Amino acid sequence: MAPATTPETWLRIVEAALLAAPGPLPVSELRKLFDEDPGPDLVRRLLDELRAQWFEAGRGVELVQLASGWRFQTRPEYQVYLDRLKEEKPPRYSRAVMETLAIIAYRQPVTRGDIEDIRGVTVSPNILKTLESRGWVDIVGHRDTPGRPALFATTRRFLDEMGLRSLTELPALTELEKIMDLVDVSQTEPAAAPAPEEEV
């Protein structure tokens, strides 16, 4: 096999790697594709060129940069059609879960007590377990106060699944409130007698 020496060949190698990858690939991983390290700048130029080619072709897939690297993903306008092929419905979360996630995302790092102060209600441990099991939040340390409460923050996976490169790209709070208003609480919160803590 001839060595990969032309920019067009390099481009196709990066394209093939991204299409075959199970998740986002950072520039540092893409550099390993070549016999001689091309350096980060050249790989970034190749990624920009590849992104432009796919965009100009008007395909149903686009190349995007996320917190943990680059990946090909479906254009948002086609997702509604692809959802018809899914046998399982995506999980729906209660308003309590979504509000807790929003507080962590916008105020991180925060303790459970901080979240309760902002929301004005006791936070069920199940809410935080739900967010942790989804891989959206994690404990990043402990506050240096009596009891050393855990500090929660969002993860790279949260950013990746939201299609964000960094927290600076989070939508405005007013936009997030509109999204939360669409959450179907009836499917996630059991109709039961009021309890001192909220249910997930």
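**Briefing: a chain of helices and strands**

The chain has nine helices and four strands, where helices (H or I, at least four residues) and strands (E, at least two) are DSSP runs numbered from the N terminus. The model is a predicted one, in which local features need pLDDT of at least 70 and side-chain atom pairs count only at pLDDT 80 or more, while totals for chains, interfaces and linings use all residues. Residues are numbered from 1 along each chain as its sequence is written, and side-chain values use heavy atoms, with hydrogens and water left out.

**The chain as a whole**

- Read from the N terminus on, the elements follow the order α-α-α-β-β-α-α-α-α-β-β-α-α.
- Of the 200 residues of the chain, 34% count as buried, a term that means under 20% relative accessible area, with exposed meaning over 50% and partly exposed lying in between (1.4 Å probe, protein chains only).
- The chain exposes about 12,600 Å², and carbon and sulfur atoms supply 53% of this area, which is computed by the Shrake-Rupley method with a 1.4 Å probe; for residues, only the protein chains shown count as cover.
- Among the contacts (heavy atoms within 4.5 Å) with a separation of 6 or more, 53% come from residues 24 or more positions apart.

**Helix 1 and its cover**

- Helix 1 (residues 7-20) has 14 residues and reaches 20 Å from its first C-alpha to its last, close to the 20 Å expected at 1.5 Å a residue, where the expected span is 1.5 Å times one less than the number of residues.
- The residues Leu11, Val14, Glu15, Ala17 and Leu18 of helix 1 are buried.
- These residues lie on the same side of helix 1 because they cover an arc of only 165 degrees around the axis, an arc taken from the directions from the helix axis to the C-beta atoms.
- The cover over the buried residues of helix 1 includes helix 2 (27-30), helix 3 (40-56), strand 1 (61-66) and strand 2 (69-74).

**Pro26**

- Pro26 sits in the loop between helix 1 and helix 2, and with a relative accessibility of 28% Pro26 counts as partly exposed.
- Leaving aside residues up to four places away in sequence, Pro26 touches Ser68 and Gly69.
- Although Pro26 and Arg71 are 45 residues apart in sequence, they are 9.1 Å apart in space, C-alpha to C-alpha.

**Tyr81**

- Tyr81 belongs to helix 4 (residues 79-82), and Tyr81 is partly exposed, with a relative accessible area of 47%.
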